Amino acid sequence: MIELTVNGIKRQVDVVAEMPLLWVLRDELGITSAKYGCGVAQCGACTVHINGKAVRSCQTHIGEVAGKSVVTLEGLDNKDQHPVLQAWIEHQVPQCGYCQTGQMMQAISLLASIPKPTDEQIDQVMSGNLCRCGTYPRIRAAIHAAAANKIAEK
């Protein structure tokens, strides 16, 4: 049994330690916001937070996560009013929507480390999250809006 905390709830899973976290979340725990995109940590659709850091769950083995805290989009504090989610809605970021949970989780991590990022910082940090629909200008605008809203909340 491997123990970890997922979205604030202590969980135990009976799987091999080499199983990717993505499959544990989706197939064992029924948490489906993280998506399978490439399987080689190159697209970012599977991004979750492990101990507060954005990580690609498709290439993270569950054994590496034992005892740690995993947060998915479903587990965000005040999820429905989260500044990033609100900015995504305000700027109508999603087109097909497939990559968006990974994009949002990466953006939240970005804003936690750089509260008021420049365009260059956004582009650098978000470059590992691919959007086939090309909504990058809206993603950047939403991150700036979320940063402004986070500052306004303080």
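Biologist: Which residues line the second largest pocket?
Modeller: This is a predicted model, to start with. The lining is Asn 7, Gly 8, His 49, Gly 52, Ser 69, Val 71, Gly 75, Leu 76, Asp 77 and His 82.

Biologist: How do those residues of the lining divide into nonpolar, polar and charged?
Modeller: Two are nonpolar, seven polar and one charged in the second largest pocket.

Biologist: And how much space lies in the second largest pocket?
Modeller: About 160 Å³. The largest pocket holds about 210 Å³.

Biologist: OK, what lines the largest pocket?
Modeller: Cysteines are part of it: Cys 38, Cys 43, Cys 96, Cys 99, Cys 131 and Cys 133. The lining also has Gly 37, Ala 45, Tyr 98, Leu 130 and Arg 132. By class, that lining divides into nine nonpolar residues, one polar and one charged.

Biologist: Where does the largest pocket lie relative to domain 1 and domain 2?
Modeller: Between them, because domain 1 (2–75) and domain 2 (79–153) both give residues to its lining.

Biologist: What separates the centres of the two domains?
Modeller: The centres of domain 1 and domain 2 are 21 Å apart, taken over C-alpha atoms. Their contact takes 20 residues from domain 1 and twelve residues from domain 2.

Biologist: Switching to the whole chain. How many helices and strands?
Modeller: Six helices and five strands. Read along the sequence, the pattern is β-β-α-β-β-α-β-α-α-α-α.

Biologist: How does the radius of gyration of the chain sit against the globule rule?
Modeller: The chain comes out at 15 Å, close to the 15 Å that the rule gives for 154 residues, so it is as compact as a globular protein of that length. Along its principal axes, the C-alpha trace spans about 45 × 35 × 25 Å.

Biologist: What share of the 154 residues counts as buried?
Modeller: 44% of them. As for contacts between residues at least 6 apart in sequence, 59% join residues at least 24 apart.

Biologist: Now helix H1. Which of its residues are buried?
Modeller: Leu 21, Leu 22, Val 24 and Leu 25, in a helix that covers residues 21–28.

Biologist: Since E1 came up, where is Thr 5?
Modeller: Thr 5 sits in strand E1, residues 2–6.

Biologist: Buried or exposed, that Thr 5?
Modeller: Buried, because its relative accessibility is 15% and the cut-off is under 20%. Leaving aside neighbours within four places in sequence, Thr 5 is in contact with Lys 10, Lys 68, Ser 69 and Val 70. One of those, Ser 69, also lines the second largest pocket.

Biologist: Let's jump to domain 2. Which helix has Ala 87?
Modeller: Helix H3, residues 83–90. Ala 87 counts as buried, at 0% relative accessibility.

Biologist: And what is Ala 87 in contact with, leaving aside neighbours within four places in sequence?
Modeller: Other alanines: Ala 142, Ala 145 and Ala 146.

Biologist: How far is Ala 87 from Ile 139, C-alpha to C-alpha?
Modeller: The two atoms are separated by 9.0 Å, with the residues 52 apart along the chain.

Notes:
Residues numbered from 1 in each chain as written. Predicted model: local features only at pLDDT ≥ 70, side-chain atom pairs only at ≥ 80, totals over all residues. Heavy atoms only, no water. 1 Å grid on protein atoms, 1.4 Å probe; cavity = no way out; pocket = protein on both sides within 12 Å on 5 of 7 lines; lining within 4 Å. Points joined across faces, edges and corners; volume = space filled by probe spheres on them. Nonpolar A, V, L, I, M, F, W, Y, C, P; charged D, E, K, R; others polar. Domains from an automatic or database assignment. Helix = DSSP H or I, 4+ residues; strand = E, 2+ residues; numbered from the N terminus. Buried < 20%, exposed > 50% of the residue type's maximum accessible area, 1.4 Å probe, protein only. Contact = heavy atoms within 4.5 Å. Rg over C-alpha atoms; globule rule 2.2 N^0.38 Å.
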